[in-house]
Amino acid sequence: MIDILTIHISVSIADIISNFLGIPGQFIRDILLSINLHIAKSLFIIYFLSITYWVYNLPKSEVILNNKNSGKDINLKPFAISAMVMIIIIYLVF
Amino acid sequence: MVLGTIDYVIIIIYLVGTVVFGAYIGRKIKSGKDYFLAGRSLPWWAIGMSLVVSDIGAIDMVGIAGSAYLYGIVLGNYDWLGSVPVMIIAAFLFIPMFWKKKVSTIPEWLGARYNSSVQTTSALIWGIYMPINLGIILYASAAMLNVLLDLNPKVLILSEDKVIIQKIARSTDAKKYDFIYANTINQGIELSKNRNPIIAFIDNNLSFESNDKDLFSDIPIVIFSEDEISSSWGAMNMNRAREPDWDIFYSILIMGVVIGIYTFLGGLRAVVYTDVIQCIVMLGGSLFVLFFGIFKLGGISEFVGIISSMGERTKDHFSLVLPVDTKTPHPWSGILFGLGFVLANAYWIGNQSIVQRSLGARSMADAKASYIFGALLKILIPFAMVVPGIISLAYNPNIADADKAMATLIKEIMPTGLLGIFFAAFLAGLMSSVDSFLNSAATVWTTDIYKKYFRPNRDDTHYLFVGRSFTIVFIFVAIFVAQFATGFESIYDLAQTLLSFFQGPSLAIIILGVLWKRATGTGALVGLIGGISFSALLMWVHSNATIPLFQVSEPFLYVALWSFILSIALTVIVSIYTKQEPDEKLRGMVYRYD
């Protein structure tokens with residue numbers, strides 16, 4: 001009897017919170033639902049392009065590093081940008 | 001048995017070789033610093049390979065392929081979106097901040113940036129999560145081991161209706177058993193002799209005579225009608241089943257103990273260098289399954305044609321971006337905002353078991369380069385892990401338990417000898433994940449709890465002893481937890497759900513700590529605890545409300561996103577109203593503020 005009452009109260013509280021959070025949640029969901037899949041895919045690509053642009057603009061001091069073993073400088077920027085370009089191609093294909 | 005002698009030889013050579021190599025590498029361990037951070041001597045290429053192989057453990061080989069079987073290439077987002085961009089951001093922004101502070105753990109960095117309370121809260125969260133996750137990894141691995149070696153107890157079903165096998169599988173704990181199907185009494189008798197089932201279910205539409213019972217080798221027999229099948233009916237009848245010769249728990253126990261011994265000997269240096277071998281074996285094995293699987297289907301166009309011909313079921317199997325109202329747990333909104341912006345960042349920037357190896361890098365250049373190298377390798381992973389799940393669908397469209405997709409595929413396509421190579425790859429994935437989590441859990445408990453609160457000023461050999469003791473304790477905790485992992489539909493979703501509880505809030509305070517010097521310790525603590533509580537509330541409401549809060553089956557991506565947003569908001573608000581941390585404390589801890 002107590003168990004049934006506890007379950008009933010739990011469900012009621014969960015329903016109240018769900019209804020409360022559900023209003024803004026549904027509003028956001030409706031906005032997202034209205035976004036065309038092609039636009040959604042564009043958002044992914046824009047995100048990748050933003051990171052590529054950020055890496056491209058990083059100062060030399062943060063991307064060119066001295067390898068203590070070989071004594072040579074290594075520029076990490078081309079590797080990072082190559083990885084991002086490959087990801088962009090994959091998202092354009094699929 | 002599925003494996004041949006040559007397979008066993010390959011596996012034994014691989015296992016013994018790895019353990020001996022790990023012990024050899026780890027023989028120089030003399031202190032806690034050696035054990036936890038490899039004496040800060042690791043090169044970029046080893047860390048990069050270790051990062052990748054630790055992330056794609058056996059849990060992924062089982063769970064991701066299983067999810068890909070159901071939902072398609074959308075699972076590729078977890079690497080292409082969820083790893084590559086974030087690893088590049090981490091390489092240039094976050095990892096250098098952690099490395100130059102010379103900390104052993106992320107909670108330790110949080111303690112230096114904020115305060116002791118934030119450090120301890122974060123350490124407890126990771127310290128509790130990691131042994132639990134170890135249990136999940138162990139279960140996933142044991143489940144696949146059982147399928148590969150054909151060790152699962154068999155349930156025999158005799159009926160002329162193939163739909164009935166699905167109904168009975170659903171009415172029992174399908175993950176624990178392999179279901180054998182026969183449509184005549186004679187075929188059932190034959191299978192009963194060869195496969196040694198623990199129980200037989202016989203459709204009352206078949207003409208089963210009572211004297212046939214003797215031909216079923218004394219196994220319990222249940223005569224049923226389709227209308228009777230329900231979960232309570234399944235549970236009741238399975239209680240009548242004969243005790244199986246091999247239970248999944250035995251697999252969990254054996255693997256846990258073996259890996260525990262190996263990790264105990266190793267330390268981070270051994271973990272990372274064995275990961276290098278494991279990375280080569282695992283990527284090689286998985287890519288072999290990819291090429292061999294497609295080759296046997298006749299080529300890429302034939303493979304795509306078979307999947308596309310399955311109609312509605314597979315219409316999105318080659319789409320990375322799925323609609324918001326998709327029936328899968330992977331809508332584009334959750335993937336982009338929840339995974340891309342929150343969970344992925346939290347994983348690569350804030351996950352102790354991942355970040356720890358870069359803290360052991362021999363220089364900042366190596367720490368940065370390791371993440372870039374890892375990002376490049378990560379591009380390959382969906383081809384090795386996700387696509388084989390879809391290939392499995394092309395071969396077997398009617399697998400009852402999707403988590404068995406990869407195992408079923410390799411059993412079907414791999415010849416003796418090559419199966420051993422894949423099995424070694426699977427063990428490589430398993431070992432790399434387990435040893436990483438074990439080592440990290442031991443590091444957090446030793447550094448952030450034991451050393452901080454119990455014995456702060458002991459010599460480093462004492463902490464080595466304590467770290468190794470924690471390693472043993474956690475492997476037994478993991479074995480215990482692994483037994484409860486059978487209750488979830490998808491292993492991968494379970495791990496993600498657990499992570500989503502605290503990944504968002506943890507990430508929020510790390511990001512604000514690195515990028516905003518005004519963030520305070522009190523703000524971070526409120527943000528962390530408030531965010532985790534909010535995650536738990538969201539999951540509780542979602543599970544208990546009459547109408548679920550989220551409209552996807554496993555809402556971990558959304559939970560992570562909303563708890564992250566709330567944590568950011570709480571941390572910012574409380575920080576504004578509390579006193580800023582002293583300037584000397586912030587220098588070197590905040591990006592471009594030295």
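Buried means under 20% relative accessible area, exposed over 50%, and partly exposed in between, with a 1.4 Å probe and protein chains only. The structure is a predicted model, in which local features need pLDDT of at least 70, side-chain atom pairs count only at pLDDT 80 or more, and totals for chains, interfaces and linings use all residues. Residues are numbered from 1 along each chain as its sequence is written, chains are lettered from A and ligands numbered from 1 in the order in which they are written, and side-chain values use heavy atoms, with hydrogens and water left out.

In chain A, the secondary structure comes to four helices and two strands, where helices (H or I, at least four residues) and strands (E, at least two) are DSSP runs numbered from the N terminus. Along the sequence these elements follow the pattern α-α-α-β-β-α. Of the 94 residues in chain A, 31% are buried. Contact means heavy atoms within 4.5 Å. Among the contacts in chain A between residues at least 6 apart in sequence, 51% join residues at least 24 apart. The accessible surface of chain A is about 6,200 Å², and carbon and sulfur atoms account for 72% of that surface. Accessible areas come from the Shrake-Rupley method with a 1.4 Å probe, and for residues only the protein chains shown count as cover.

Chain B is divided into domain 1 (5–106 + 130–149 + 250–489) and domain 2 (154–245), with bounds that come from an automatic or database domain assignment. A distance of 37 Å separates the C-alpha centres of domain 1 and domain 2 of chain B.

Ala38(B) is buried, because its relative accessible area is 0%. Arg40(B) also counts as buried, at 17% relative accessibility.

Helix 12 (residues 248–266) of chain B has 19 residues and spans 27 Å from its first C-alpha to its last, close to the 27 Å expected at 1.5 Å a residue. The expected span is 1.5 Å times one less than the number of residues. Among the buried residues of helix 12 are Ile248(B), Ile252(B), Met255(B), Ile259(B), Tyr262(B) and Gly266(B). Just after helix 12, Gly267(B) takes a positive phi of about 90°.

Helix 12 and helix 21 (460–482) of chain B each supply at least two residues, and helix 12 gives the most, with four residues. Leu253(B), which is found in helix 12, is partly exposed, with a relative accessible area of 32%.

Side chains of opposite charge can pair when their charged atoms come close. A salt bridge is a side-chain nitrogen of Lys or Arg within 4 Å of a carboxyl oxygen of Asp or Glu. The structure holds nine salt bridges over all chains. In one of them, the side chains of Lys378(B) and Asp79(B) meet at 2.6 Å, N to O. This pair links distant parts of the chain, with Lys378(B) in helix 17 (residues 364–378) and Asp79(B) in helix 5 (residues 77–80) of chain B, 299 residues apart. Lys378(B) is buried, with a relative accessible area of 0%, and Asp79(B) is buried at 3%. Asp55(B), Asp79(B) and Lys378(B) are linked in a network of salt bridges.

Arg362(B) forms a salt bridge with Asp366(B), with the closest N and O atoms 3.3 Å apart. Arg362(B) counts as partly exposed at 31% relative accessibility, whereas Asp366(B) counts as buried at 6%. A salt bridge also joins the side chains of Lys315(B) and Asp316(B) (3.3 Å, N to O); Asp316(B) is partly exposed, at 24% relative accessibility.
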